[in-house]
Amino acid sequence: MQLKLYNSLTAEKEIFKPILEGNVGMYVCGPTVYSNVHLGNVRTFLSFDFIYRTLMHLGYKVRYVRNITDAGHLTDDGNVDNDRFVKQTRLEKLEPMEIVQKYTVDFHKVLDMFNLLPPNIEPTATGHIVEQIELTQKLIERGFAYESNGSVYFDVLEYNKRGLNYGELSKRNIEELFANTRDLDGQGEKKNPQDFALWKKASPAHIMRWNSPWGEGFPGWHLECTAMSTKYLGETFDIHGGGMDLKFPHHECEIAQGKACNDAAPVNYWMHANMLTMNSQRMSKSTGNYILPMQLVTGDNDFFEKPFHPSIVRFCFLQAHYRSVLDISNDAMIASEKGFIRLMEAVKVLNSITPDDTKQSGFSLKEWKNKAYEALTDDFNSPILIAHLFEVVKYIFALKDGKETIATEDLEDLKSTLNAFIFDVLGLQTVEENNNEKLDQTLKVLIELRNQARKSKNFELSDQIRDKLLAEGIELKDGRDGTSYVLN
């Protein structure tokens, strides 16, 4: 099956054609490590982890590069005091690189918790100052940038005068951009309001500073990704990903820098993950509608009734397509937990199934696999893949109940395929067996109490136990060999 993906640049699904057959170069914008990674970030990185896993499952050799922004992230180009690292050093009374180390460790810890694979290369902005200075010099030499008072800016108007199109990714009109730009402090350094910083002159109080041909300063935010992506993936590479919020101006600036430097589009396919909301509202510290990833896992919050295993959170996130807004709530997490438990129970049940080569099954494994791979190759459609997984879950429980059969060859194929989809592609992990054992023991006690009630003809109590368990998604099944339970 041909892999199709949605290209944000063309706003269309396209058949994926890598530059080098069988290989993929993928760059994803990483975190700015000045604070704890938030849940919206986790959603973005988890989406691209799923994409990375899928590409490898489909047989591609992937070079996955995800950077760490540890310098130069200005909230605007006009005021160096808006450097996020400078602000955080003042708040926490730490050195900038202490801030970087503290939150880089947090970032890795959180992503490990959610079972994200590490990238092949994880470069840092501060580790590529030389490359950023070289790119800035090249842009000046080619007439796309200019020095002003020790800072260097990219000339957006000059870029467009040469027949190029700043705004092509975000579909913004350059004249509207200029008309709608508000005045900024330090705007006098720029020729045009939309010009963006490649290099900023450091103020006397600015701690993070490096020598350059234009004096001491630090790199602009957008340049680092161009420097690192081209160094490790080439002047043009296959896929560039990130959150929807990075489309403008960050990714727009990357396209301009790449084309201005190399006379070629830097990326063939732009991919963007959509935002995460909670209780149908945007997550924001200022409104209080906010939760850190660890708080969701530990239960230390006021939004969710219980803690949730990281794999259940991952499962919840993957039930929405990466380009769709994902809303989490207590009800959504409870529903995801039930679905996750049933899926894992099916994996366990499948391992105990005895094949039967004498009867033909009404379930077509070949058709099911085709549908599953159609979902994977249709712009990495995780929710449709999961829906197909629950089709086979239903079949597995039918096998357990003797209502269906499966041949030996198909059983081995199903085990292999199901494990690949659940553990390799979706990246789910089994929840600690201790929890399952406790649940199993508790249910055995309840089943025994129900059996005793039935023997003493206390059918009211017997039915009450059965109905209350069913309301919690646990169905009791009476058979010749006794009573068993199924998690719905």
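D401 has a relative accessibility of 35% and therefore counts as partly exposed; here buried means under 20% relative accessible area, exposed over 50%, and partly exposed in between, with a 1.4 Å probe and protein chains only. The model is predicted, so local features need pLDDT of at least 70 and side-chain atom pairs count only at pLDDT 80 or more, while totals for chains, interfaces and linings use all residues. Residues are numbered from 1 along each chain as its sequence is written, and side-chain values use heavy atoms, with hydrogens and water left out.

D401 forms a salt bridge with K477, at 3.0 Å from N to O. The term denotes a side-chain nitrogen of Lys or Arg within 4 Å of a carboxyl oxygen of Asp or Glu, and the count by this rule is 22. K477, at 25% relative accessibility, is also partly exposed.

Let me turn to the next pair. R450 and D478 meet in a salt bridge at 3.2 Å, N to O. This pair links distant parts of the chain, with R450 in helix α15 (residues 433-455) and D478 in strand β14, 28 residues apart. Helices (H or I, at least four residues) and strands (E, at least two) are DSSP runs, numbered from the N terminus. R450 is buried at 3% relative accessibility, whereas D478 is partly exposed at 44%.

Salt bridges that share partners also join D49, R53 and R314 into one network. Within it, the closest N and O atoms of D49 and R53 are 2.8 Å apart, and both residues are buried. R314 is among the buried residues of α10, a helix spanning residues 310-318 in which 9 of 9 residues are buried.
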